[in-house]
Amino acid sequence: QIDHRTHSPEQFASGVQIFVVGLAKKVLLANSIGALWDAELAAQSAGMLTALGGWLGIAAYGFQIYFDFSGYCDIAAGLARLLGLRLPVNFDSPYRSLSVGEFWKRWHITLTSFLRECVYFPLGGSRKGTVCTYRNIFAIYLISGFWHGAGWTFIVWGLLHGLGQVIERIWGPGRDKLPRWLRWGVTFLFVNVAWVFFRAPDFSGALELLGRAVSGGLAKPEEWLLSGLFSKEIGAVELLIPGAADWVNILRVIGLYGIGLLAALWPRNTITQMDRFRPTLWRGAVLVIGLTWSSLSFTGITTFIYSNF
């Protein structure tokens, strides 16, 4: 690409757009949702975590790692596009998947491709019978767990995804007859529950969080859990609308999770945006707002989650 790359103003502008989108994902969404996850862990260690708080925490980390990693890939792809380079696609709306197998065709595509071509196929893939196929599936997801970290939590996370794919293969075409919304819901729930083992400090901590989510009671979460979310923005809303103070935490949860879910499921993902990019005035205005808001939201040093792997 370095030898044969071409440049154009539109290509440069599309790189700027993807960079700003990735920056907003990281700073405005991943960091904000990550603060809620950290608060949930603090509540768990203090024995104050309710069932609703547990599920909010589980969903929080699912969104945090998605927007952190997706934002990181967008930033890299946008900067490369500024130089006339095209990086391999690494994300394709994975939270829209209807199965665990489809999830791994959309999430961290470069790693999945490497494991498929350099491990799964050399082991025989699916050409040597059912038992060998299942063995090979478990092998690549065991390696995926080790790749993220040599701890039991990562290994269990990898084996869970291997088990999910084996179950889907055993179920066969019958699963495809289920309604799409049900297949999506089961896949989304499975992926997010599996993230608990990925993120928990140890195996017992993961089981404790899942236990709290099931049996922690129906009381609403403590207000201090949400106090750090968009504190500046919420303060401005309270000044403009004095009566909004009573609804602040509800607005925080609905706003954060609603925007997160919408952004994760939006049909025009980064790949589509780059391929169909056309510079317009309103798009430029939105990017200026996003860049300004993200810059004003810098509050300290926060690394990308995947810098640990």
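User: Hi! How many helices and strands does the secondary structure of the protein chain come to?
Analyst: Hello! This is a predicted model, and its protein chain comes to 13 helices and zero strands. Read from the N terminus, the elements go α-α-α-α-α-α-α-α-α-α-α-α-α.

User: Thanks. What share of the residues count as buried?
Analyst: Of the 309 residues in the protein chain, 46% count as buried.

User: How about contacts, what percentage join residues at least 24 apart?
Analyst: Taking contacts between residues at least 6 apart in sequence, 76% join residues at least 24 apart.

User: Let's go to H13. What span should its residues give?
Analyst: Helix H13 covers residues 281–296, and its 16 residues should span 22 Å at 1.5 Å a residue. The C-alpha atoms at its ends are 23 Å apart, which agrees.

User: Which residues in H13 are buried?
Analyst: Arg283, Leu287, Gly290 and Ser294 are buried in H13. Looking down the axis of H13, the buried residues fall within an arc of 65°, so they line one face of the helix.

User: Nice. And which exposed residues does the face turned away from the buried side carry?
Analyst: On that face of H13 you'll find the exposed residues Leu281, Trp282, Val288, Ile289 and Leu296.

User: Changing topic: which residues form a nonpolar patch on the surface?
Analyst: Trp55, Leu189 and Val214 form one, with about 320 Å² of accessible area together.

User: Where does Val214 lie, then?
Analyst: Val214 lies in helix H9, residues 203–215.

User: Is Val214 buried or exposed, and why?
Analyst: Val214 counts as exposed because its relative accessibility is 68%, and the cut-off for exposed is over 50%.

User: Last topic, backbone angles. What is the phi of Ser93?
Analyst: Ser93 has a positive phi of about 50°, although it is not a glycine. In general, most residues other than glycine have a negative phi.

User: Where is Ser93, and is it buried or exposed?
Analyst: Ser93 sits in the loop between helix H2 (51–82) and helix H3 (100–106). With 3% relative accessibility, Ser93 counts as buried.

User: And His108, what is phi there?
Analyst: His108 has a phi near 45°, again a positive value in a residue other than glycine. His108 is in the loop between H3 and helix H4 (109–120), and is buried with a relative accessible area of 7%.

Notes:
Residues are numbered from 1 along each chain as its sequence is written. This is a predicted model: local features need pLDDT of at least 70, side-chain atom pairs count only at pLDDT 80 or more; totals for chains, interfaces and linings use all residues. Side-chain values use heavy atoms; hydrogens and water are left out. Patches are made of residues with over 30% relative accessible area and no salt bridge: like charges are joined within 9 Å, nonpolar side chains (Val, Leu, Ile, Met, Phe, Trp, Tyr) within 5 Å. Accessible areas come from the Shrake-Rupley method with a 1.4 Å probe; for residues, only the protein chains shown count as cover. A salt bridge is a side-chain nitrogen of Lys or Arg within 4 Å of a carboxyl oxygen of Asp or Glu. Helices (H or I, at least four residues) and strands (E, at least two) are DSSP runs, numbered from the N terminus. Buried means under 20% relative accessible area, exposed over 50%, partly exposed in between (1.4 Å probe, protein chains only). The expected span of a helix is 1.5 Å times one less than its number of residues. The arc is that of the directions from the helix axis to the C-beta atoms. Contact means heavy atoms within 4.5 Å.
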